[in-house]
2 protein chains.
Amino acid sequence: MTSPGKGNSGRELRAEIVTIGTELVQGLIVDTNSAWISRRLASVGVPVDFHTSVGDDEARIEFAVRLAASRSDLVMIAGGLGPTADDITRDMLARIAGKKLVLHQPSLDLIASMFARWGRQMTENNKTQAFLPEGSEVIENHNGTAPGFCMKIGRAEVQVFPGVPHELYAMVDEFTIPRIRAAQVVPGVIKMRRLLCFGPGESAIDQKVRHLMALDRNPNVGLLVHDYVITVKITAHGSSEPEADAMIAKDEKDVRAILGDIIFGVDDERMSDVAARELIRRRLKIAIAESCTGGMIAGMLTDVSGVSAAFLAGVVSYSNESKQDFLGVPAELIAKHGAVSEAVARAMAEGMLKRTGADVAVGVTGIAGPTGGTAEKPVGLVYIARADAKSTEVRECRFSGSRDRIRVRSAVTALDMVRRWALTATARGK
Amino acid sequence: MTSPGKGNSGRELRAEIVTIGTELVQGLIVDTNSAWISRRLASVGVPVDFHTSVGDDEARIEFAVRLAASRSDLVMIAGGLGPTADDITRDMLARIAGKKLVLHQPSLDLIASMFARWGRQMTENNKTQAFLPEGSEVIENHNGTAPGFCMKIGRAEVQVFPGVPHELYAMVDEFTIPRIRAAQVVPGVIKMRRLLCFGPGESAIDQKVRHLMALDRNPNVGLLVHDYVITVKITAHGSSEPEADAMIAKDEKDVRAILGDIIFGVDDERMSDVAARELIRRRLKIAIAESCTGGMIAGMLTDVSGVSAAFLAGVVSYSNESKQDFLGVPAELIAKHGAVSEAVARAMAEGMLKRTGADVAVGVTGIAGPTGGTAEKPVGLVYIARADAKSTEVRECRFSGSRDRIRVRSAVTALDMVRRWALTATARGK
C-alpha cells in the first residue's frame, strides 16, 4: 500500500472516492456512501479531495478511475459489483490495470455457502462475482455475495467495494481502516471535533467564536449550518493523536465556556440521542402528545436504542375527538381557542402527563401547511408545551419553509425543551 | 447557450454537475443537490454524465470546472456563493473565464431590500455576493442573498447556483428548465417512467419482466433496488414528447398486466402517499397503534398533506401499561403471550378500531433490536395486524438488518397492507 497516513515522500496521503451506477447520475439514488467513507477516512487522518459519481458506462468509468489514480494515493471505488450485465466495474478495473479476471475459489465457496444458507439456487451470474483481477487482494464481504478487491493502478492503491451501504460499511471498517492505522508510521494526524448547537442563528454564534476562526490557526475553527444544527467544527493537526486530542480539548473547553447549553451534542449525535440519554441517565419517564408533528417526535425518540427505559407512550391526536378522548382536552377549550392555540398545547401536555404518570410530557399543535393557514394563524405557527408535576411552559414558534421543515423544526425544538428541562431537573435534586 | 436539448452538431446535449464545499468532501453533508438537478434535467431530456464534489480549494475547483467544461455542453455548479472568505466560487469562475468581477447593481439592490425586510444590518461581506463575472447573465435568487450566474467557458455553458437546496431548486426551475425547453428545436426527447414495486424480491420480478430488458431495446427497461422498493424503470427515446409518452404507455400497460398490485406507485411516490390517497379517495378513516415502530407509521402518514381527512389518531404504546390503558389490551393477554405476539398485535389493532371508530386500524409490535431478542423471539420478529369491522389479518414478519431498517420495513409493510385493503374495500362496495 502507498504508505497510508502519508504519501510516498512522507507527505500527507490524499484520497478520493469514485461511485459507480447509472442510478446515481440519473439522480434516482442519492449517493450517501461517499460522505460516509469520507468521515471514516477523516477519522484516521486521511483527507478526501474529490467525490465523483459516474454511470455504468465503459468509457466514463475508465476516464474517472484513471484520473483518480493519477492524482490521489488512495482511490475508494463503490458500486457496479452486482451479478447483472450492467455491473461492469470488475471488468473495467481489470482492463485498466492490464490484468485478466481470474476465479477466486474461496470467494466462490463463500457465495455458494450463502445461497445454501438462504435455501436458494445459485445462478451462473453470481459466479461472475467471484472473478477478480489477477494479483489483486480480496476484500471479504460477510454480508453479501460481492467480494471487494484491492490493487495498484500506477502509484495509487485502488480499493473496490459493492455499493450496498451495509456491506460497504463493514468492509471499510474491517479492511481499510485497520490497514491505514497499521501503515501509519509517520507523525501527523488530523482529528476533528464537532460541537452541535441549536437555537440562535449562525451570525450570533459567529460573533461569539469569531476570534478563534482565523484560517491559518491550528486548531482550525469553522462554522457549518445544516438543517436545524449549527456546527462549530474544531480541526487539529498534531504530530500525534494525543497531541491533536489535547489541542482540541483546549478549544472545546473555550467554546463551551462561551456558548454554554446552546451546545446540545457532539459529532454524529442527534437531538433525540441526547434528549433520550439525559432522560435515561436520570431515570425520568416521558410521554408525548402530538398533533402537527404526527408521531415524528415519538418516532425520533424511539429510534434511540434503549429508550424503552424512559419512553412510556405517545398519542397522535390529529382529530379533535382524539384530543378529547385520549388526552382529556375539553371540547369547550378547543371551541374557544381553536385546536392550534397555547391553551390546547398546554392541555395536551398536562392531559398526557396525568394519563401516563410520566415525569415530563410534551404537547405540540400547529399548522404545518402547505394549506390550512389563516391571516391570524399562518402556516408555521406552532405551540409547544412541556409539562411536569410542578409547572408547564409553552412556547409559541413561527417557523418557515416546507411542511417537512416545519414539522422537523417543531419536533427538534420540543426535544430541546425536554433536554434543557432534564438538565435542570437534576439540579433541583429531583 | 450551446443549443440545449442537442449539442453543437445536433447530437444530444450532455450535462454534468459540480458541487463545491469542503463539508461535502469531508462527508459532513450528503450532496442531495446533484441527484435533484439530475432528475430535473432528465425531465427535459438532458442526461447527466458525472457528479463531482470538491472542497473550497482554488486548485481543485479550477481543475474540476475546467475538466467539466471541456467534456460537457452544460455544466451546473452549486455551492460556494456565500458571503464568507471560504466561499471562492465567484472568484474562481471569473478567473477561469478570464473575466473581472463587476458589481451587478440590481442584485445589490435586491440583497439590500432583503436585509431591510428582515430588519437586519447588511454587512460588507454580503455586498461581495452582488459581484459577478463581467459579461455573465444573472440568475435571480428570490429566496436568498446569493444570485447565480450563467456564462461560457470554452464551448460549454456554465450555470452557477448557491448550494442552499430551496434556493437552488427555485432557480433551476425558473431559469434552467425553461431555457432548455425554449432552445429545444431538434427532435429527440428522453422520457422516463418508474413503476414502484413492494413485496417480492428482485430476482422474482427480474424473471417476470426479463423479456423486456434487452439493453438495446427502446424503450429500455431496467430494474433498480433501493431501500424497500424495487423499481421497474422504463426509458423511451422518441422523436417527440407524445411519441416517447406513447412508447412508455405501451410498456407500462404490459408490465402492469404482468406484475399487478405488486406495483404500489409511480415515479417519486412514497408508500405513505399512495396509502393516504387510497384512503382519502374512498373516505376511509384510519387509526394506528404502534409499539416497535414508535410513531413512524403515523409520522409517515401525517407527512402527506391533506391526510387529516383520513387520519384520526395514533397511539405509541411502548410500555405494557400504555397498551392496557390506551388500547384496552388485557394484562393477562400480555402476560400469557408476551408483548411481542400475534395475539397482542391483534388486540392493539382491534382496541384502536373500537376506541376511535375508524374504518381500519393497524397494530404493530416487534423487536427492532439491536438488543431484546431471544432464541424464540429474535430481533426482527414483528407482528403486524390490520383490523376492520369484519375481520383482522395478522402477518408475522422476520426482518433483518439494523434497528432503523427493521422499523422502516415494518412501517412500509403495514402501509402496504392498508393500501391493499383499501383497494378491496371499494371492490366490496363499501
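Just after α9 of chain B, B:Gly260 takes a positive phi of about 60°. This is a predicted model: local features need pLDDT of at least 70, side-chain atom pairs count only at pLDDT 80 or more, and totals for chains, interfaces and linings use all residues. Residues are numbered from 1 along each chain as its sequence is written, chains are lettered from A and ligands numbered from 1 in the order written, and side-chain values use heavy atoms, with hydrogens and water left out.

Now the helix itself. Helices here are DSSP runs of H or I, at least four residues; strands are runs of E, at least two; both are numbered from the N terminus. Helix α9(B) has 19 residues, 241-259.

How does α9(B) start? B:Ser240 caps the N-terminal end, with a side-chain oxygen 3.2 Å from the backbone nitrogen of B:Glu243.

Which residues of α9(B) are buried? They are B:Ala244, B:Ile248, B:Asp251, B:Glu252, B:Val255 and B:Leu259. They cover an arc of only 110° around the axis, so they sit on the same side of α9(B). The arc is taken from the directions from the helix axis to the C-beta atoms. Buried means under 20% relative accessible area, exposed over 50%, partly exposed in between, with a 1.4 Å probe and protein chains only.

The face turned away carries exposed B:Pro242, B:Lys250, B:Lys253 and B:Ala257.

Notes
The expected span of a helix is 1.5 Å times one less than its number of residues. A polar contact is a pair of N or O atoms within 3.5 Å; within protein, one must be able to donate a hydrogen and the other to accept it, and residues adjacent in sequence count only if both atoms are side-chain atoms.
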